[in-house]
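Colleague: I would like to go through this model with you. Please show it first, then take my questions in turn.

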Amino acid sequence: MSREKLVVIGNGMAPGRMLEELFEKAPGLYDVTIFNAEPRVNYDRIMLSPVLSGEKAYEDIIIHGDDWYRDHGVTLHRGARVSGIDRVAKTVTAENGITVSYDRLVIATGSLPFIIPVPGHQLPGVLAYRDLDDVEKMLDIAKNKGKAIVIGAGLLGLEAAYGLKRQGMDVTVVHLMPTIMERQLDPAAAYLLEKALTERGINIITKADTKAILGTTRVEGVELKDGRILDGDMVVMAVGIRPASALAKEAGVAVNRGIVVDDGMMTSDPSIYALGECAEHRGTCYGLVAPLYESARVLADRLCGGSGEYGGSVVNTKLKVTGINLFSAGDFAEGDDREEIVLRDATAGVYKRLVLKNDRIIGAVLYGETADGPWYFDLMKRSVPVTEMRDTLIFGQSYQGGTTLDPRAAVAALPAEAEICGCNGVCKGKIVDTISAKGLTTLDDVRAHTKASASCGSCTGLVEQLMSITLGDAFNPHAVKPMCGCTDLGHSDVRRLIMAKQLKTIPAVMQELEWKTSCGCAKCRPALNYYLVCDWPDEYADDYQSRFINERVHANIQKDGTYSVVPRMWGGMTSSSELRAIADVVDKFEIPAVKVTGGQRIDMLGIRKEDLPAVWADLGKAGFVSGQAYAKGLRTVKTCVGTDWCRFGTQDSTGLGIRIEKFMWGSWTPAKLKMGVSGCPRNCAEATCKDIGVICVDSGFEIHFAGAAGLDIKGTEVLGLVKTEDEALEYIVALTQMYREQGHYLERIYKWAKRTGLDEIRRQIMTDTEKRQGYYERFVLSQKVAQVDPWSERVSGKDKHEFKPMSELKLEAAE
């Protein structure tokens with residue numbers, strides 16, 4: 001039996017959630033086609049602000065990757081804006097000429113930004129703030145720093161201002177009303193927010209009416225009606241949105257402000273539904289994600305033959321500006337039939353206000369301390385009488401009954417329908433049921449299966465408390481551990497914030513990220529040093545004092561206090577002159593042991609620390625450089641003899657191994673990096689247990705990664721097949737740079753790959769050309785400063801005090 005055809009116009013968060021619910025309830029019920037005007041997959045628009053500020057990348061906010069569409073049999077037409085709906089023929093046609101028939105149609109065209117029609121509003125540099133294209137345009141202009149003017153101090157306007165400020169621009173916000181965010185905040189909270197933003201370097205001008213945007217060929221500034229002129233290189237319009245309902249109206253579907261729908265999200269045409277910001281339900285168009293998700297669940301139920309009804313939503317607001325805690329919900333206007341409860345703590349910067357009517361909470365504004373926001377919101381949505389807790393209500397859920405409650409008990413008391421994650425509309429019952437049904441034990445698992453805490457992260461504490469309640473002793477709240485006792489932040493957060501805040505020294509990191517110690521410790525300092533070396537290769541000066549002893553002296557310390565020296569032998573190849581030089585060094589310095597290593601090199605063991613520079617000098621005369629056998633970096637590229645000598649060889653494995661090693665040596669990585677290149681599938685170079693390996697085959701080069709042959713034994717995963725040596729080098733370098741940028745310090749590739757996801761790594765390296773080339777180019781940049789032989793530097797006198805005997809240092813100190 002043929003399946004019904006479901007066509008969706010739009011690929012935003014609301015239709016994405018609707019399809020998730022639909023596929024869960026009735027997999028295979030529909031043949032689904034999506035038309036997306038944007039040239040990309042579904043992403044989390046709530047997180048555009050962190051992308052603009054640099055705290056997240058586009059890849060971090062993807063909701064449904066390519067695999068999701070493939071796994072569910074969805075046909076996705078990207079960059080295909082729909083031009084018309086034929087309700088008689090029941091077809092949809094896109095501007096690119098594609099026409100698809102439907103049995104049921106969902107219009108989810110979202111909203112359009114309102115652009116004030118003042119003179120100059122069409123100049124290049126006048127931008128809206130609605131999608132990723134807008135963000136990319138802002139970031140492109142922000143590369144030159146300069147000045148930005150944001151018109152509108154609502155939620156989006158302030159988030160845009162913060163993001164542009166984080167990008168180094170001089171930002172001014174102009175707002176028509178006397179206070180900012182007047183729809184969500186009362187004047188007291190608005191004052192505190194304006195003060196906090198001003199302290200962050202954002203200029204705010206209220207009661208400012210825009211007269212014109214100045215410029216000839218592009219934006220040069222803004223003129224206000226009071227005569228003031230503001231210079232600017234960019235103008236961001238954030239003054240409101242309107243439903244994108246024109247397509248439906250042209251098709252003869254009933255439209256008011258938005259596309260009119262009933263409680264089942266059906267339009268005036270029984271075969272057509274509307275969902276998201278384009279829909280108007282009971283006279284209301286919603287612009288926040290929680291009500292869109294609530295209506296998406298109802299529509300999914302209706303498409304499955306159910307009778308679910310959407311009754312409208314109460315919404316709450318949070319501002320995504322790092323370091324500012326703000327919560328607003330409901331109606332907080334003054335009135336004779338209302339009373340208010342207010343708590344102010346000027347020293348702590350805390351303001352709380354509850355508005356009551358008929359013994360129920362109808363509005364709440366919290367600034368500075370927002371942990372009780374979800375509880376107040378739940379009381380508001382359920383219209384719970386508050387008489388019995390009236391005297392302690394403002395102090396929050398933990399203080400009800402006159403004594404301080406365990407926060408876990410307070411969360412346990414929430415009803416199953418209480419909303420925990422406002423960004424994704426996830427209630428307590430869904431989280432608890434999913435944890436139990438799927439045996440989830442980590443926060444990442446809960447995020448993956450429920451999306452709770454997966455967006456802005458403000459509900460993370462509540463989610464963890466639910467996990468603790470549900471799992472008991474099985475819950476490990478430290479599954480994502482802090483780097484060390486000096487901070488509460490994990491490695492991922494530190495890496496993200498170093499880039500977001502553009503921190504370029506260890507003291508800057510420790511100050512801005514509120515380290516608990518003055519100078520860090522042996523765990524965090526080497527990690528911070530690596531992250532800064534990796535993220536700012538041409539700006540940060542490597543702090544060798546923050547490295548472990550082996551990396552500090554560029555040799556491996558042995559159990560008797562002597563050192564071993566391993567010169568680099570490219571691809572395991574050597575010559576008679578190199579062997580003679582090694583023999584001479586062994587004799588001259590009476591080195592007691594010489595060992596052939598598993599990486600096809602020669603190790604000289606038992607060298608005194610003070611002799612190291614002289615040993616390196618003699619080896620350097622023979623052309624040797626450090627093999628970096630001590631480094632969190634490229635150690636060896638093991639090879640077999642390949643086509644030059646072996647009758648089974650399919651490619652020049654030795655030549656490729658040498659090429660890779662000469663191209664990649666020098667840059668630090670999160671942990672040691674070992675490679676291998678085998679000339680045929682017989683795998684004599686053991687490439688399938690390396691961090692990165694290559695198996696040469698007749699058709700080209702099969703790239704492997706994420707192997708292990710140490711404490712853990714693990715075969716590699718296949719990254720993909722490429723045809724040429726040049727491609728093999730590019731893909732391997734890009735993979736290494738991706739690992740460099742995302743890996744935690746001391747995390748081997750196989751552990752990073754498990755945490756990141758094999759499919760995601762393959763997607764970025766094998767499929768996404770732009771992403772791969774970006775990684776490759778950043779690695780090449782790092783090599784310009786990294787590919788310096790540390791042995792020759794020390795022979796020249798760098799850090800010479802490190803290699804002096806203690807007796808000489810004491811004598812110098814005495815003198």
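Colleague: How many salt bridges count between domain 1 and domain 2?
Modeller: This is a predicted model, where local features need pLDDT of at least 70, side-chain atom pairs count only at pLDDT 80 or more, and totals for chains, interfaces and linings use all residues. Residues are numbered from 1 along each chain as its sequence is written, and side-chain values use heavy atoms, without hydrogens and water. A salt bridge puts a side-chain nitrogen of Lys or Arg within 4 Å of a carboxyl oxygen of Asp or Glu. Between domain 1 and domain 2 the count is 3.

Colleague: Which residue does Glu 136 meet in a salt bridge?
Modeller: The link runs between side chains. The N to O distance is 3.9 Å, and the partner is Arg 40.

Colleague: What area do domain 1 and domain 2 bury between them?
Modeller: Buried area is the accessible area (1.4 Å probe) that two parts lose on being put together, summed over both. Carbon and sulfur atoms carry 46% of it here. Arg 40, Tyr 43 and Glu 55 supply 48% of what domain 1 buries against domain 2, more than any other three residues. The total is about 570 Å².

Colleague: Are Tyr 530 and Tyr 531 buried or exposed?
Modeller: They form an aromatic pair, 5.8 Å centre to centre with 65 degrees between the planes, which is edge-to-face. Rings of Phe, Tyr and Trp (its six-membered ring) pair with centres within 6.5 Å; planes under 30 degrees apart are stacked, over 60 edge-to-face, the rest tilted. Buried means under 20% relative accessible area, exposed over 50%, partly exposed in between (1.4 Å probe, protein chains only). Both Tyr 530 and Tyr 531 are buried.
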